[in-house]
Amino acid sequence: MNSSLFSHAEQPEPAKETISVPDVVVERSVPRELHEAFNGFTEYIHLWWPEEFTEFGEGTHPEFESGALTETGPEGESAVWATVVRRVQDAELVLDWVARHSPQTPTEVHLRFTAVNEATTLVILSHSGFDAVAEPVQTHEDFSAVWPQVLDRYARFMGAR
């Protein structure tokens, strides 16, 4: 018997299972001093970002502009990949990442640039916040495969072997 006085009363939703998904963390050393390493990532991203990880494919142009990381396709179409939350020149870049999932639930990409010595910079990328997206496990698996390839391409562009 329904305990509600009204047969059309809403039933409470079952409790949603909370899934804890770890961060994706990728590190690469690049044979460049700190300033060059940071600028290589932020100013020359269009020269090294893998086309297979873009929305529009060949002829695409990713760039940081007006506080966002955007992509412009060969036909002039555009997409926002992320919003820049914090940028500390030669040290840190924090992004609210929306590419490949809903813009209503951004995840966080945190890049840290640290001088190892005068000629080498360590770049550490941490991608977190997968618990908030619709498919947390699948999204984590996807980015676990994508980020190493992206940072490998960046490192090669910067002269790493």
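Two strands are taken as paired when DSSP finds at least two bridges between them. On that basis, in this predicted model, strand 2 and strand 3 (residues 68-72) are an antiparallel pair with 5 bridges. Within the pairing, phenylalanine 64 sits opposite leucine 69 of strand 3.

**Sheet and helices**

The sheet is open and has 7 strands, ordered 1-7-6-5-4-3-2 with antiparallel pairing. Strand 1 (24-30) and strand 2 (61-65) are the edges; each has a single partner strand, so one side of each lacks a neighbour in the sheet. From one strand to the next, the twist averages 25°.

Helix 1 (residues 34-42) packs on this sheet and touches strand 1, strand 2, strand 4 (78-88), strand 5 (92-97), strand 6 (107-117) and strand 7 (120-128). The direction of helix 1 makes about 150° with that of strand 6. Helix 3 (residues 136-157) lies across strand 1, strand 5, strand 6 and strand 7, and runs at about 10° to strand 1.

**Nonpolar core**

The largest nonpolar core has 34 residues; Phe41, Trp49, Trp97, Leu111, Phe113, Trp147 and Tyr154 touch the most other members. At least two residues of this core come from each of strand 1, helix 1, helix 2 (45-48), strand 4, strand 5, strand 6, strand 7 and helix 3. Helix 3 contributes the most, with 7 residues.

Leaving aside residues up to four places away in sequence, tryptophan 97 touches Trp49, Leu69, Trp81, Ala82, Pro106, Thr107, Val109, His127, Phe143 and Trp147. Among these contacts is Leu69, the residue opposite phenylalanine 64.

**Salt bridges**

Side chains of opposite charge can pair when their charged atoms come close. The structure holds 4 salt bridges, including those tabulated here.

| Pair | N to O distance | Relative accessible area |
|---|---|---|
| Arginine 28 – aspartate 152 | 2.5 Å | arginine 28: 22%; aspartate 152: 29% |
| Arginine 87 – glutamate 43 | 3.4 Å | arginine 87: 36%; glutamate 43: 44% |
| Arginine 153 – glutamate 52 | 3.5 Å | arginine 153: 29%; glutamate 52: 52% |

Arginine 87, in strand 4, and glutamate 43, in the loop between helix 1 and helix 2, link parts of the chain that are 44 residues apart. Arginine 153, in helix 3, and glutamate 52, in the loop between helix 2 and strand 2, are 101 residues apart. Arginine 153 counts as partly exposed; glutamate 52 is exposed, because its relative accessible area of 52% is over the 50% cut-off.

Definitions and conventions. Residues numbered from 1 in each chain as written. Predicted model: local features only at pLDDT ≥ 70, side-chain atom pairs only at ≥ 80, totals over all residues. Heavy atoms only, no water. Helix = DSSP H or I, 4+ residues; strand = E, 2+ residues; numbered from the N terminus. Axes fitted to C-alpha atoms, helices over the stretch in contact; angles between N-to-C directions. Contact = heavy atoms within 4.5 Å. Core = buried A, V, L, I, M, F, W, Y, C linked by side-chain atoms within 4.5 Å. Buried < 20%, exposed > 50% of the residue type's maximum accessible area, 1.4 Å probe, protein only. Salt bridge = Lys/Arg side-chain N within 4 Å of Asp/Glu carboxyl O.
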